[in-house]
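Keep the model open beside the text.

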Amino acid sequence: MKSLKLANFHIQMMLPSAMIYYMVFITIITFLAASNSGSGQNFSSSGLELSTAIFLFVMGLNAFRENFNFSQANNLSRKTFWSGLLMSILPIAFLMSIIDLIINRIYNIFVPSPTNFDMIYGTYRDTGMFDWNAMQYIWVQNNSYFTLISTVIWQFAVYVLFFILGVVITMIYFRSSNLLKIIVSLTPVALLVLLRNMIGLLPSTWIRGLGYFIPTAFGWHSRNPYMAIFTFLLLSLFLTGCFYILLRRAEAKE
Amino acid sequence: MNNIELKSITKNYKATCALKDISLIFEEKRIYGLLGRNGAGKTTLLNLMTNRIFPTHGHITLSDQPITENDALLERIFYMTERNLYPESMKIHEVFRWTKTFYGNFDLNYANGLCKKFDLNPNKKIKALSTGYNTVAKLIVALASNAELLIFDEPILGLDAHHRTLFYKELLAQYIKTPKTIILSTHIIEEIADLLEWVVILGNQTVLINESVSSLLERAYTVTGKSSDVEAFIQNKNFIGLEYLGNYCKATLLETPNTETLETIHQIGLEKSKVGLQELFIKLTDIGGVLHEIPKIG
Amino acid sequence: MNIDFGSQIPIYLQISQSIEDDIIRDIFEEETQIPSTTEVSLNYNINPATIAKGFNLLVDEGILYKRRGVGMFVAKDAKKTLIKKQKDHFYDKYVVHLLHEADKLGIHIEDIVKMLTGGPEYE
């Protein structure tokens with residue numbers, strides 16, 4: 001019950017930022033659409049809704065401090081704060097997913113613009129956008145119910161994941177001492193370097209296994225977006241668990 | 001019973017120990033003063049009692065149930081912190097509205113009435129408030145929360161004399177209307193001394209005093225006179241302060257004087273007087289006796 | 001009612017003493033209601049328990065009495081009782097102190113008597 005109230009609080013705190021985000025976003029694509037139809041130039045864009053994922057990632061990075069303080073001002077437990085913050089992202093991500101779909105479909109009238117979903121699971125993957133031999137656009141966006149609904153759910157799962165990732169990264173920094181902060185910051189770089197140099201040393205079956213596992217987990221071969229949605233949800237759940245563990249003994253710093 | 005009970009609480013921050021093996025009961029429906037010098041662990045103690053931080057050892061209960069992560073218990077406590085915890089861009093009336101959603105008994109009319117009395121514009125944003133008005137805003141939220149336990153950390157920070165008096169009055173009025181446990185942690189002792197029923201003094205990471213104000217003040221007294229007389233008098237007595245000024249000496253003692261003692265005082269010709277809470281506090285917490293040294297001038 | 005926060009006397013005693021004085025001075029008349037603990041508490045910002053302690057001292061002495069649901073009233077003959085009590089205390093409260101001070105300054109009893117009987121012209 002209190003979690004819902006806190007979720008409501010967080011949603012209301014996020015709304016102004018989301019509104020500004022869409023105002024900027026719509027202004028830019030309106031400008032693009034206008035210049036496309038006006039000058040006779042033909043250009044296309046793709047995967048614009050990735051910016052929403054980045055926006056939500058940043059919101060996730062910033063969600064912790066203010067909300068945690070506010071939950072403490074009202075003497076709420078960490079459990080309540082945890083569930084409240086997580087619940088708040090669900091309607092936000094869902095609503096933004098629908099808005100992004102609508103914006104995309106309207107924008108598509110003026111500028112051909114496949115969504116990430118179209119590019120991974122749709123016909124765009126096979127045809128591309130422009131047939132250079134015939135010199136014409138050959139990609140047509142699919143508007144079947146299945147595509148529309150799947151797009152919304154797929155984007156929703158991505159947005160939720162990005163937000164929680166942002167929250168967890170902030171939490172890791174919040175819980176770390178200065179030395180640990182440096183170690184945490186260097187870890188991804190170190191891992192990448194290590195992986196690049198070590199990859200030859202790993203057994204080739206591992207590499208091949210990984211090369212098979214990752215596309216499968218995201219439903220590439222089977223063209224099944226729900227495989228990816230399932231994977232995103234699993235990752236989100238894992239991060240949610242990390243969030244809980246990091247939060248359990250967190251003490252606000254003076 | 002709404003007693004808060006701390007059972008052998010220790011709190012360590014990395015290598016430093018903030019509180020050491022503290023056992024304490026805050027009994028319901030009393031006005032407590034929590035006193036201690038800077039760094040004595042007052043805020044640490046309050047944070048422990050409100051689930052903000054966790055004890056290294058020991059546990060804390062409210063109504064005999066562990067307070068840790070217990071929403072049902074935590075909502076009975078309103079804790080006014082020294083630090084502002086509300087979003088900077090939030091307006092005062094929005095703070096009221098949100099508090100009302102988490103504290104069902106929050107009295108919106110009373111809060112608005114207090115805004116008028118304290119001359120605080122509820123349409124202002126938190127970040128637009130001066131230190132004094134920031135405190136006022138937090139006080140109003142706490143007073144109107146109608147929680148069964150009110151905890152104030154530095155409730156009069158930056159307040160002018162008029163606002164302080166007004167706060168004391170409103171606090172008492174709330175207390176008289178519905179008796180509740182009130183804990184005031186402050187450095188301004190003189191002003192709140194008569195408001196308090198009970199006093200807890202922290203020092204050396206532990207509880208120095210946990211006693212009703214009246215009984216504490218009854219057993220504290222000073223004797224003044226010729227230093228040799230005073231020195232002779234305080235032998236085998238629990239004295240907590242000794243000040244010299246030439247041949248004149250003043251000793252502060254903390255033990256109920258019996259008739260024999262009173263006669264001795266009279267016989268030697270010493271002057272006996274009472275000690276106020278603030279003076280007593282200063283004596284009790286003067287670690288190393290730095291106050292006895294007279295600063296060198298020139 | 002007059003409370004001196006810097007005084008050596010505990011607040012609850014000051015409360016009861018000032019009520020006594022006010023009764024003797026006819027500010028609080030017999031069989032009339034006196035201010036409630038709440039009013040006094042809020043007026044001076046003193047813990048109501050302290051005020052109640054002062055009031056109860058007078059209730060125990062029969063100077064005040066409680067009317068259930070109404071408040072505190074000054075008892076009949078309270079003034080007479082108080083004057084008698086204060087007369088009894090006059091020696092302890094003033095004379096002993098006077099003699100003590102006189103002793104410190106080396107003033108003889110005869111001089112004190114002269115001061116008292118001579119009135120303002122003594123000087």
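This is a predicted model. Start in chain B, with an open sheet of four strands. Their order is β12-β13-β11-β14, and the pairing is antiparallel. Which strands stand at the edges? They are β12 (239-245) and β14 (271-274) of chain B. Each has a single partner strand, so one side of each is left without a neighbour in the sheet. From one strand to the next, the twist averages 20 degrees.

Chain B has another open sheet of four strands, in the order β2-β1-β4-β5. Here, too, the pairing is antiparallel. The edge positions go to β2 (16-26) and β5 (65-66) of chain B. Each of these has a single partner strand, so one side of each is left without a neighbour in the sheet. For β5(B), the link to strand β4 (residues 57-62) of chain B consists of two bridges, and these strands run antiparallel. In this pairing, B:T61 stands opposite B:P66.

Next, move to where chain B meets chain C. How many residues does each chain bring to the contact? Chain B gives 15 residues and chain C gives 13 residues. On the chain C side, α2 (37-44) and α3 (48-60) each supply at least two residues.

Finish in chain A, with a pair of helices. Helix α3 (residues 78-110) and helix α9 (residues 225-248) of chain A have axes that come within 10 Å. These axes cross at roughly 150 degrees. Angles over 145 degrees count as roughly antiparallel, so α3(A) is roughly antiparallel to α9(A). The crossing is right-handed.

Zoom in on the side chains of this contact. From α3(A) come A:R78, A:W82 and A:L86. From α9(A) come A:T240, A:F243, A:Y244, A:L247 and A:R248. By class, the residues of this contact split into five nonpolar, one polar and two charged.

How values were computed:
Residues numbered from 1 in each chain as written. Chains lettered and ligands numbered in written order. Predicted model: local features only at pLDDT ≥ 70, side-chain atom pairs only at ≥ 80, totals over all residues. Axes fitted to C-alpha atoms, helices over the stretch in contact; angles between N-to-C directions. Parallel < 35°, antiparallel > 145°, perpendicular 65-115°, else oblique. Left-handed = near helix turned anticlockwise from the far one by under 90°. Contact = placed C-beta atoms within 7 Å. Nonpolar A, V, L, I, M, F, W, Y, C, P; charged D, E, K, R; others polar. Pairing = 2+ DSSP bridges.
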